[in-house]
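User: I'd like to learn how to read a model like this one. Can you walk me through it?

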Amino acid sequence: MNKINCLVEECVYNCNNDCEANEIQVCSSNAGNVSHPDNTFCKTFSSKRSDK
Ligand code: SF4
């Protein structure tokens, strides 16, 4: 897959700001009006914390 630079260090797939997931799913967080990056999120995110 294409190289994905991700700054979410709390994700288990994040290794030195590179995403190591085989694939990711990115969704809109506001289905009715997506007009800014803040309106999207990575649904593949999984917390490194075990108490999530
Ligand atoms: S799965 Fe999503 S949040 Fe996690 S490192 Fe990859 S792009 Fe970032």
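User: Where in the protein chain is confidence lowest, and where is it highest?

Analyst: Confidence here is pLDDT, the predictor's own score for each residue, from 0 to 100. In the protein chain, strand 3 (residues 26-28) comes out lowest with a mean of 95, while strand 1 (residues 14-15) is highest at 98. Across the chain the mean pLDDT is 91, with 92% of residues at 70 or more. Bear in mind that this is a predicted model, where local features need pLDDT of at least 70, side-chain atom pairs count only at pLDDT 80 or more, and totals for chains, interfaces and linings use all residues. Residues are numbered from 1 along each chain as its sequence is written.

User: How many helices and strands are there in the protein chain?

Analyst: Both are DSSP runs numbered from the N terminus: helices are H or I with at least four residues, strands are E with at least two. This protein chain has zero helices and four strands, giving the pattern β-β-β-β along the sequence.

User: What share of the 52 residues counts as buried?

Analyst: Count the other C-beta atoms (placed from the backbone) within 10 Å of a residue's own: 20 or more is buried, 12 or fewer is exposed, and in between is partly exposed. Here 2% of the 52 residues count as buried.

User: Is S29 buried or exposed?

Analyst: S29 is exposed, because 10 other C-beta atoms lie within 10 Å. You'll find S29 in the loop between strand 3 and strand 4 (40-42). Contact means that two C-beta atoms, placed from the backbone, lie within 7 Å. Leaving aside neighbours within four places in sequence, S29 is in contact with N39, T40 and F41.

User: What is phi like at N16 and N17?

Analyst: Phi is near 55° at N16, a positive value in a residue other than glycine. N17 also has a positive phi, near 70°. N16 sits in the loop between strand 1 and strand 2 (18-19), and N17 is found in that loop too. N16 is exposed, with 6 other C-beta atoms within 10 Å; N17 is exposed as well, with 11.

User: Which residues surround the ligand?

Analyst: A residue is near a molecule if its C-beta atom, placed from the backbone, lies within 6 Å of it. The ligand's surroundings include C6, C11, Y13, N14, C19, C42 and T44. Ala, Val, Leu, Ile, Met, Phe, Trp, Tyr, Cys and Pro count as nonpolar, Asp, Glu, Lys and Arg as charged, and the others, Gly among them, as polar. By class, this shell has ten nonpolar, two polar and no charged residues.
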